[in-house]
Amino acid sequence: MVDIEFYKEQDEEAFLERWEAKFGKIEDIDAFYQTIATTVQKEYEQSQVKLGNKYVYEGILVGYVDYNTYNNWFLFSSSKL
C-alpha cells in the first residue's frame with residue numbers, strides 16, 4: 001500500500017489551504033490522501049510523473065515530489081530540497 005507524506009507541516013498546510021479554497025472542506029483526509037497516493041503512483045509508473053518535479057493534482061499544486069522506498073511514501077515539499 002502506497003501513501004503520501006509531507007516533509008514539513010507547513011507544506012501540508014499550504015496544500016490543504018489551496019485545495020479547500022478551490023474545492024471546499026475535506027471530509028475524510030485519510031481517504032483523500034490515499035486517492036492522491038494511488039493516482040501519483042499510477043502516473044509515476046506510466047512515466048507521467050518525474051521525481052524532483054512539481055506535482056499537480058486536480059489543478060492544485062501538491063509540491064515537489066520524491067519517493068521513499070523504505071516507507072513506500074510519495075513525499076511532497078513546497079520547495080526543492
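Student: Where in the structure is phenylalanine 74 found?

Tutor: Phenylalanine 74 is found in strand E4. Strands here are DSSP runs of E with at least two residues, helices are runs of H or I with at least four, and both are numbered from the N terminus. Before we go on: this is a predicted model, where local features need pLDDT of at least 70, side-chain atom pairs count only at pLDDT 80 or more, and totals for chains, interfaces and linings use all residues. Residues are numbered from 1 along each chain as its sequence is written, and side-chain values use heavy atoms, with hydrogens and water left out.

Student: Why is phenylalanine 74 called buried?

Tutor: Buried means under 20% relative accessible area, exposed means over 50%, and partly exposed is in between (1.4 Å probe, protein chains only). Phenylalanine 74 has 1% relative accessibility, so it counts as buried.

Student: What makes glycine 63 buried or exposed?

Tutor: Glycine 63 has a relative accessible area of 2%, so it is buried. Glycine 63 sits in strand E3. Between glycine 63 and aspartate 11 there are 7.7 Å in space, C-alpha to C-alpha, and the pair is 52 residues apart in sequence.

Student: And leucine 61, why is that one called partly exposed?

Tutor: Leucine 61 comes out at 29% relative accessibility, so it counts as partly exposed. Leucine 61 is in strand E3 too.

Student: How do you know whether serine 47 is buried or exposed?

Tutor: Its relative accessible area is 54%, so serine 47 is exposed. You'll find serine 47 in the loop between H2 and E2. Its phi is near 60°, a positive value in a residue other than glycine.

Student: Which loop holds glutamate 58, and what is its phi?

Tutor: Glutamate 58 is in the loop between E2 and E3, with a positive phi of about 55° although it is not a glycine. With a relative accessible area of 49%, glutamate 58 is partly exposed.

Student: What makes a set of residues a nonpolar core?

Tutor: The members must be buried Ala, Val, Leu, Ile, Met, Phe, Trp, Tyr or Cys residues joined through side-chain atoms within 4.5 Å. The largest such core here has 20 residues, and those with the most contacts inside it are Ile4, Phe15, Phe32, Tyr33, Ile36, Tyr55 and Phe76. At least two residues of this core come from each of E1 (3–6), H1, H2 (29–45), E2 (54–57), E3 (60–68) and E4 (73–77). H2 gives the most, with five residues. In soluble globular proteins, nonpolar side chains tend to be buried together.

Student: Which residues gather in the patch of negative charge on the surface?

Tutor: Glu9, Glu13, Glu17 and Glu20 do. Patch residues have over 30% relative accessible area and no salt bridge; like charges are joined within 9 Å, nonpolar side chains (Val, Leu, Ile, Met, Phe, Trp, Tyr) within 5 Å. A salt bridge puts a side-chain nitrogen of Lys or Arg within 4 Å of a carboxyl oxygen of Asp or Glu.

Student: How accessible is glutamate 13?

Tutor: Glutamate 13 has a relative accessible area of 38%, so it is partly exposed. Glutamate 13 lies in helix H1 (residues 9–23).

Methods. Areas by Shrake-Rupley, 256 points an atom, 1.4 Å probe, with all protein chains shown as cover. Lys, Arg positive; Asp, Glu negative; His and termini not counted. Charge placed at Lys NZ, Arg CZ, Asp CG, Glu CD.
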